[in-house]
Amino acid sequence: FGTRLVVVLGHSKCGAVGATIADIRSGEPNPSSTLRSIVDRIRPSVEGLFATELAKDEAALTAHAVRANVRVSANHLRHGSPLLEKLVMEDGLLVVGAEYDVDTGKVTFFDGVPKGLL
C-alpha cells in the first residue's frame with residue numbers, strides 16, 4: 001500500500017501492562033482466559049524489569065514496562081515478517097515506538113526514530 005511509517009503506540013497507565021505486573025507479582029495466573037492471553041503476550045517484555053531496582057517503585061516499573069512492551073512489539077514488526085523486514089531494509093519503511101501520555105495528551109517517540117528526524 002506504499003505505507004512509509006508504522007507507529008506502535010503504547011499509553012501511560014496501561015491496564016494490560018498493569019494486569020501483567022499484578023500477575024507476575026502474585027504468581028497466580030489471572031482467572032480470565034481473555035486477560036490471561038493478553039498478559040501472556042506482554043509478560044516476556046516485562047519480566048526482566050523485576051530483576052532491577054524498578055521492582056521497588058510501582059510507578060517507575062509501570063512506566064518502564066509500557067515502553068518495554070512497545071519496544072518489543074515494534075521490534076517484532078521489524079523482524080517478525082520477511083515481507084516487513086524487506087520493506088524496512090530495502091524500501092525505507094520506518095517502524096517506530098511511541099507513548100501517549102493520557103494525562104497530558106503528549107506523544108513521545110522513543111524507539112526506532114532516526115537521529116535528527118525529530
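Tutor: Let's start in helix H4, where Lys 86 and Glu 90 sit four residues apart, so about one helical turn separates them. Helices here are DSSP runs of H or I with at least four residues, strands are runs of E with at least two, and both are numbered from the N terminus. It's a predicted model, where local features need pLDDT of at least 70 and side-chain atom pairs count only at pLDDT 80 or more, while totals for chains, interfaces and linings use all residues. Residues are numbered from 1 along each chain as its sequence is written, and side-chain values use heavy atoms, with hydrogens and water left out.

Student: OK, what do the side chains of Lys 86 and Glu 90 do?

Tutor: They meet in a salt bridge, 3.9 Å from N to O. The cut-off for that is a side-chain nitrogen of Lys or Arg within 4 Å of a carboxyl oxygen of Asp or Glu.

Student: Is Glu 90 buried or exposed?

Tutor: Glu 90 is exposed, at 60% relative accessible area, and Lys 86 is partly exposed at 48%. Buried means under 20%, exposed over 50%, and partly exposed is in between, with a 1.4 Å probe and protein chains only.

Student: How many salt bridges are there in the whole structure?

Tutor: A search of the whole structure turns up nine. One of them joins Arg 25 and Glu 58, at 2.9 Å from N to O. That pair ties together distant parts of the chain, with Arg 25 in helix H1 (residues 15–26) and Glu 58 in helix H3, 33 residues apart. Arg 25 has a relative accessible area of 41%, so it counts as partly exposed, and Glu 58 is partly exposed too, at 40%.

Student: And which residues are linked in a network of salt bridges?

Tutor: Asp 23, Arg 43 and Glu 47. Within that trio, the side chains of Glu 47 and Arg 43 come to 3.4 Å, N to O. Glu 47 is partly exposed, at 39%.

Student: Let me zoom out. What pattern does the chain follow along the sequence?

Tutor: β-α-α-α-α-β-β, with four helices and three strands in the chain. The C-alpha trace spans about 45 × 30 × 25 Å along its principal axes. Of the 118 residues, 29% count as buried.

Student: What about confidence, what pLDDT does the chain average?

Tutor: It averages 94, and 100% of the residues score at least 70; pLDDT is the predictor's confidence in each residue, from 0 to 100.

Student: Which residues form the nonpolar patch on the surface?

Tutor: Leu 5, Val 7, Leu 9, Tyr 100, Val 102, Val 107, Phe 109, Leu 117 and Leu 118, with about 800 Å² of accessible area together. Those areas come from the Shrake-Rupley method with a 1.4 Å probe, and for residues only the protein chains shown count as cover. Patch members have over 30% relative accessible area and no salt bridge; nonpolar side chains (Val, Leu, Ile, Met, Phe, Trp, Tyr) are joined within 5 Å, like charges within 9 Å.

Student: Where does the largest share of the patch come from?

Tutor: From E1, with three residues. Strands E1 (5–11) and E3 (107–111) each supply at least two. Phe 109 is in strand E3 and is partly exposed at 35%. Leu 117 is in the segment after E3, and it is exposed, at 52%.

Student: How many aromatic pairs does the search find?

Tutor: Zero in the whole structure. A pair would need ring centres of Phe, Tyr or Trp (its six-membered ring) within 6.5 Å, with planes under 30 degrees apart called stacked, over 60 edge-to-face and the rest tilted.

Student: So what lies over the face of Phe 110?

Tutor: Arg 67, at 4.4 Å from the ring centre. The test is NZ of Lys or CZ of Arg within 6 Å of the centre and within 35 degrees of the ring normal.

Student: Last one: which residue has a positive phi although it is not a glycine?

Tutor: Lys 13, at about 60 degrees. Lys 13 is in the loop between E1 and H1, and it is exposed, with a relative accessible area of 56%.
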